[in-house]
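Hello,

Please find the structure below. My notes on what turned up in it follow.

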Amino acid sequence: MFTQFGATAESLSKASTMVFRIGTDAHLYDDPDDVNIAPLLDSKFDSEKCEALKRLLALIAQGFDVSNFFPQVVKNVASQSIEVKKLVYLYLLHYAEKRPNEALLSINYFQKDLGDTNPLVRAWALRTMAGIRLHVIAPLVLVAVSKCARDPSVYVRKCAANALPKVHDLRLEENTAAIEELVGFLLNDNSPGVIGAAAAAFASVCPTNLSLIGRNYRRLCETLPDVEEWGQIVLIGILLRYAIARHGLVKESIMLSSRDLENIASENGASDTYQKGNEDSNAYFGLKESNADLTNGVCKSEVVDIVSRSYLEGPDKYLSKHRCADVLSSELEGLHFTSAKDNEDIKILLLCTSPLLWSHNSAVVLAAAGVHWIMAPKEDIQKIVKPLLFLMRSSNSSKYVVLCNIQVFSKAVPSLFAPHFEDFFMSPSDSYQVKALKLEILSTIATESSISSIFQEFQDYVKDPDRKFAADTVAAIGLCAQQFPKVANTCLEGLLALASHATDGEAIVLLQAIYSIKAIIGKDPSSNEKVIVHLIRSLESIRVPAARGMIIWMVGEYSDIGNVIPKVLPVVLKYLARCFTVEEVETKLQILNACGKVLLHSKEEELWAYRKVLSYMLDLARCDLNYDIRDRARFIKELLSCYIGSSDTEEGKAQQESRDVSRVLAGRIFGGQIKAPSSEQFSARFYLPGSLSHVVLHAAPGYEPLPRPCSLNFEDPSINSNIVEGAKRPGDGATQSESYTDDPDSVSGSLNEESTSDYSYADSIGGSDGTGGSNVSSSLSEVDVHKEPLIHLSEVGYPNANPDGGSHVDNQYSGSNNLGELISTRSLESWLDENPNSGHNLSEPSSIRKSSARISIGHIHGRVEPKICALLDPANGNGLSVDYAFSSELSSLSPLLVCLQVSFKNCSTEPMMNLQLVEDNKRQDSSDHASAMTESSSHGDVPSLVPMEEIANLGPSETINIMLQVRFRHHLLPLKLVLWCNGKTYPVKLRPDIGYFVRPLPMDIGVFSAKEAQLPGMFEYTRRCIFTDHIGELKKGDKPGTNDQFLVICECLAVKVLSNANFFLVSVDMPVSANLDDASGLRLRFSGELLSNSVPCLVTLVLEGTCFEPLNILVKVNCEETVFGLNLLNRIVNLLAEPARG
Amino acid sequence: MLQCIFLLSDSGEVLLEKQLTGHRVDRSICAWFWEQSIAQGDSFKFLCRVADVLSDYLGGLNEDLIKDNFVIVYELLDEMIDNGFPLTTEPNILREMIAPPNIVSKVLSVVTGTSSNVSNTLPVATASCVPWRKMDPKNTSNEVYVDLVEEMDAIISRDGTLVKCEIYGEVQVNSHLSGLPDLTLSFANASILNDVRFHPCVRLRPWESQQILSFVPPDGQFKLMSYRVKKLKNIPIYVKPQLSSDSGICRISVLVGIKNDPRKPIDSITVEFQLPPCVLSANLTPNHGTVNILANKTCSWSIGRLPKDKAPSLSGTLVLAAGLERLPVFPTFQVGFRVMGTALSGLQIDKLDFKNLPSRPYKGFRGLTRAGEYQVRS
């Protein structure tokens, strides 16, 4: 219907086409900027916004950079219209990376959208947020993803799975564990659509973390047929890798057919001969073919062996190893094999992939066939044949891909495709590449019974208008004739006819024909004498130099065979001598060689005649223009001097001897049986079936060979228990007691390595708790050398989800379950989680918590010194130096104001007059200052700068400190001020410090953790940094009294944070650890609230590492204000990471 | 994983650019691709699907259509691919998410200036286990049509023997049923099928055990199954080319006639062949139908229906290039035909059963056979 439509449209006049295009977006595409886009974007009508966005999209499509509209476009994220949203998202994704700061502005809207009731809106928000690719929001995205991974809508969950690779792509190492855990979680989903996307995420995020698959292997296999086609392709590959890594190769499969037990000895021998080079491979090949398979007939184990090793190691590695090392054979022998007959996992994989062979998606069929090819028992492999052949009846490009794969399969097991030879007959629509592949396959799979029909076809192909293809056919005929001596004669006849009828334009066919004839004759020269004579006769008409060269080579090679050839030889030689001068170089060389050989084989009576011809030709050759020929002539003359120059009969004994030597030498050189180089390329590269690398024959980016068989740890209890969970296996009962729900966390992260030891430690403390605290306090007594109780033990061991640990739950904190979970970012998910099952998982990290003591640092406030920044340098200010430091005092005027301590110092010798700081845009004089004051206070809004009192006089080297109240309108942008002094103005910039946009919010630890529990998920931001200040502090801290390392570290950190930010230090938790040097688990908590809106803001520092090493600190900020929280986090990380002053 | 998609016009300029992952690809790469005119050697299955969906939406795929609807194309691409991985490719779902352009929306946009083709709600089918079906479609007509559409591939060698003859067939279903119907289709002679491929809606277990197609159909036209029947013996028409060369002139005659009467009218018969490059000029006259020789030396003889009174034949002479006595290469004749009303493979539908339907729908069955790669060598 549509095509008819199009046809009429074409036949109509151009005017009517224009009519047709009315109402489409064509005008937007053709002239996108014929209106001013900017006002449209600010319009209050959605339709106008839409139009503007479409215009922008058109400009993007045409390759223009329209990123300058970014701020205006981002504003529209808030639009309620779905279409505007969609268009904005399209724009955002295109430019977000270019304009990171503006893109950040949209984050809050995304977060709002993530809570929308419409799943489409949630999904779009997630997709866009993840697609923005800004490092700073990666933690936010991760939280959003983990929330969406539990969304009720399948579509949203699918998008969550798709978002994981995007987050992973940012390469933030601290997120890797969390991402992998999410992949595992999504693989556990019960919707096939999600599983497909999760499989894709797995493949791009953590393709080697096969233990994630192990948890769900059975279920994944069973849902495989329901997964959408694109996911199927990925999932099949993953399952195959898992099965091999877990169980190894199947011993009945093709892959191991060459490694049968009785073959191992010969295998080792064989690989030895292999090292020497390829010259024996043909003979060896023949030998191995006798390794007949009962069900499938011949299977070329040599090829199979290379194929399977290439699959496992990657061809490049394999080939290089093959060249240098001699251990390869034994290395693979040591592997474990499994059997498809009694291994349930392999059985189920094969069972669930076999219906996929009927899929209408070619790629799925290919992937499923690959699994069967590698894993299925040999007798079952037959079932992949028909589906593969069916694939050929699709587009030309997929035909090529399928044929590439069939080519390898048929090389390894020719019998597989032998009955289906008809499918490889050419069709006129085939491209040359496809035809060439088909020919190769046909000549591989030809059998005694099919060869005659194949030859019939070949004869037709020879007349094909595509001469290159015809030449290839001739080559294939040659190959087949060598394989089947029965048909060799008919072949020769056909080829001879072809050679004699070939016209000048047909050099390529002719050459191939002669080459094939030569190869066939080489198999059995004596019975093909007539053919040789025929060829020699046609020398006159064949003008292609290479073809002539080959015929002349045959003359020399077979000069002593049969009866006819020796008779015609003198004539032929004379003919060659006559036309020697007009021949091409390669023919000349062959003529010289041939003459040499003839002379060598000739009998006494003809010797004289031949000798004459040869010396005539050598004379000609010596004067040739080409130095190769002159060389060859000299060489032959020297070598055959005994034959040529035997005119004198008087010879010395020594001469006789050297003559014998050269005779032997000549015999070796000319008469040696030269083996035709093997046509089989054993260095051919084999890649996994269905992979891109296999088509292009080099490792494409991302190509991975199969994992090492059985490389997956058997001992991993979680895997075993799940296998057991799927179906009980006899003989593997040891782990059956472990229940399924416990597993996910015990395999997931690095945390579990600690878990066992810490766990037992906590238990032991808990046990001693009942008998009295003395035990613990004595262990800490060396800390108690201070006069004041710096450290008091508030808690030993945290509330524990484990019922056994209940005995030492501290009543005071029993309500704050989230207390210690800060170690794991995953813990926040308890908030997001509605699912009681995974809620149980989350109790796991809590059992990992270390027991710890709480210390209070009361005296450090004396050491807190705010950082002083220069506002005006004396060099620039005529000797006036102005410094400022943020003050922890709070403004009494407005909560929006930040207090600054500004100190004016006169470094010059002259007194200074009328100093004042004013806002940049206010050009006020000092005289009307009072009116400005009243004016501003009457205003509702707060000015950027509360006007300061003018300093009337500042004497030389006098310093005056003034408290200034400033309102920063932006977290990061500096405030521009003007400094008046002696009637001159100096522009100065006041840089905001986000650490002073908060005021301390005193609270105790209980309130802190309760508040923290209210701010999980997307309100939590974490980053890691390295802290080194304490090392210097510890080194100089040798004085007595401060010898506790933890205390020093805590003080260092607390002082540093408090010197730079206006926070309240809530608590310091110290790990009680066996290792005194281990500072891991040390935890500082700070609290504050935003000046502007009193939103609480919590900061937690968790340390990792040992005391005298740089410490790895996890900084966590919990705050409702997203952008503020992120900026604060960055600020804290920066200040911690920068080394201490002085 | 796809990194980006560029849509190029016929002249090689970029019409549309869509970056899919963070690793941006510059559009200058297109120029290189255009110069190389890369033969599509790789499994571009997904790209094919994208092209299918696009042409389905736009009613074709050309420069103007893409320009007309570039917003829709952008929106579609965005829905179909996420980060280089296919997201939603099921046409039914896409159709609900992004409305295809149609006259109504065009008129609406002219009149009111507003039209949104983006749906406000997520199609319910995304969550269902039968994503190919809209949830609860309402159809006024209650009918289902099953077509067997077959293509016959055959190779007839120079000496007139049938080298290979097989049929590639599709079961095309056009269903307009309400609710969530469950259909069962069985064949009278399923054993002749050599190999099959199914639409995802087909349940594979019943086929494995009893060779029954059990499925919940998508709405509208779709390809339920494709199959292959090999080693057929009967071809409906014969084409006998004869070429004989003599002193630079090649006489050609082609005869066409019925070989095994399918008992249904054969129409749209065409014979096409490529004149070898060494042919300088051709003088061909048919006794029925018309002959066209195109610029690329393709000679096409369209016969249409076979006349009752005579056997159509084409005869004439080819003048060979100077110096050539005889024709060195021989063209292959591509034959086209159509047989309405029968499936030449002999596949027969046994019955079509319904479950889960309030009223019995109207059922219709049809057969159609076309020539596929039907080639006669000379």
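**Chain B**

Of the 378 residues of chain B, 52% count as buried. Buried here means under 20% relative accessible area, exposed means over 50%, and partly exposed lies in between (1.4 Å probe, protein chains only). Before going on, note that this is a predicted model: local features need pLDDT of at least 70, side-chain atom pairs count only at pLDDT 80 or more, and totals for chains, interfaces and linings use all residues. Residues are numbered from 1 along each chain as its sequence is written, chains are lettered from A and ligands numbered from 1 in the order in which they are written, and side-chain values use heavy atoms, with hydrogens and water left out.

Chain B has seven helices and 21 strands. These are DSSP runs numbered from the N terminus: helices are H or I with at least four residues, strands are E with at least two. Among chain B contacts between residues at least 6 apart in sequence, 70% join residues at least 24 apart. Contact means heavy atoms within 4.5 Å. The chain exposes about 17000 Å², and carbon and sulfur atoms supply 51% of that. Accessible areas come from the Shrake-Rupley method with a 1.4 Å probe; for residues, only the protein chains shown count as cover.

B:Ser268 has a phi near 50°, a positive value in a residue other than glycine. B:Ser268 sits in strand E14 (residues 266-274) of chain B. B:Ser268 counts as partly exposed because its relative accessibility is 37%. B:Lys297 also has a positive phi, near 65°, and is not glycine. B:Lys297 is in the loop between strand E16 (290-293) and strand E17 (298-304) of chain B. At 27% relative accessibility, B:Lys297 is partly exposed.

**Chain A**

Chain A holds 51 helices and 18 strands. Buried residues make up 56% of its 1142 residues. Its accessible surface is about 48700 Å², with 54% belonging to carbon and sulfur atoms.

Now the cores. A nonpolar core is a set of buried Ala, Val, Leu, Ile, Met, Phe, Trp, Tyr and Cys residues joined through side-chain atoms within 4.5 Å. The largest has 330 residues; A:Trp373, A:Phe904, A:Leu1101 and A:Leu1136 touch the most other members. Helix H16 (residues 229-247) of chain A gives the most to this core, with eleven residues. Apart from it lies another core of 69 residues, among them A:Trp358, B:Ala154, B:Phe198 and B:Tyr374.

Next, helix H33 (residues 545-557) of chain A. Its 13 residues should span 18 Å at 1.5 Å a residue, and its end C-alpha atoms are 18 Å apart, which agrees. The expected span is 1.5 Å times one less than the number of residues. Ten of the 13 residues in H33(A) are buried, including A:Arg548, A:Met550 and A:Glu557. The cover over the buried residues includes helix H31 (507-523), helix H32 (529-537), helix H34 (564-579) and helix H35 (585-601) of chain A.

Last, the surface. A:Phe635, A:Leu665 and A:Ile669 form a nonpolar patch with about 260 Å² of accessible area together. Nonpolar patches join side chains of Val, Leu, Ile, Met, Phe, Trp and Tyr within 5 Å, from residues with over 30% relative accessible area and no salt bridge; like charges are joined within 9 Å. A salt bridge is a side-chain nitrogen of Lys or Arg within 4 Å of a carboxyl oxygen of Asp or Glu. A:Ile669 lies in helix H39 (residues 653-671) of chain A. With a relative accessible area of 40%, A:Ile669 is partly exposed.

Best wishes
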